[in-house]
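Please keep the model open while you read.

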Amino acid sequence: VDGYLRYFESPDSLEAKKTLHIPTEVIAIKTGLDTEAKAPEGKHNEHLIKLITRGDSWILCADDIDDML
């Protein structure tokens, strides 16, 4: 809703460990094998999304292709 993506240590955490404002901080988005990362066990590389900023990158793994959208 507000363009922020927040990372929490656990579902019970009340305070975000990291916050990313997608519209102003993300300079590139890569998916699948272009992320140059390995998916967690039991997941597929095609479900990977990499958000690249000037100083960092976030690699996310969706449960399925529909969740990537």
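This is a predicted model: local features need pLDDT of at least 70, side-chain atom pairs count only at pLDDT 80 or more; totals for chains, interfaces and linings use all residues.

Residues are numbered from 1 along each chain as its sequence is written, and side-chain values use heavy atoms, without hydrogens or water.

Three strands form an open sheet in the order 3-4-5, paired antiparallel. Strand 3 and strand 5 (57-61) are the edge strands, each pairing on one side only. Strands are DSSP runs of E, at least two residues, and helices are runs of H or I, at least four, numbered from the N terminus. Pairing takes at least two DSSP bridges. Four bridges join strand 3 to strand 4. Thr31 has Ile49 of strand 4 as its bridge partner.

| Pocket | Volume | Lining residues by class |
|---|---|---|
| Largest | about 200 Å³ | eight nonpolar, one polar, two charged |

Strand 4, strand 5 and helix 2 (65-68) each supply at least two residues to the lining of the largest pocket. Strand 5 gives the most to the lining of the second largest pocket, with four residues.

His47 is one of the residues lining the largest pocket. His47 sits in the loop between strand 3 (28-31) and strand 4 (48-52). Is His47 buried or exposed? His47 counts as buried because its relative accessibility is 10%, and buried means under 20% (1.4 Å probe, protein chains only). Its contacts (heavy atoms within 4.5 Å), not counting residues up to four places away in sequence, include Leu60, Cys61 and Met68.

Methods: Buried means under 20% relative accessible area, exposed over 50%, partly exposed in between (1.4 Å probe, protein chains only). On a 1 Å grid over the protein atoms alone, a cavity is a set of points where a 1.4 Å probe fits but cannot get out, and a pocket is an open set with protein on both sides within 12 Å along at least five of seven lines; lining residues have an atom within 4 Å of a point. Grid points are joined across faces, edges and corners, and a volume is the space filled by probe spheres set on the points. Ala, Val, Leu, Ile, Met, Phe, Trp, Tyr, Cys and Pro count as nonpolar, Asp, Glu, Lys and Arg as charged, and the others, Gly among them, as polar.
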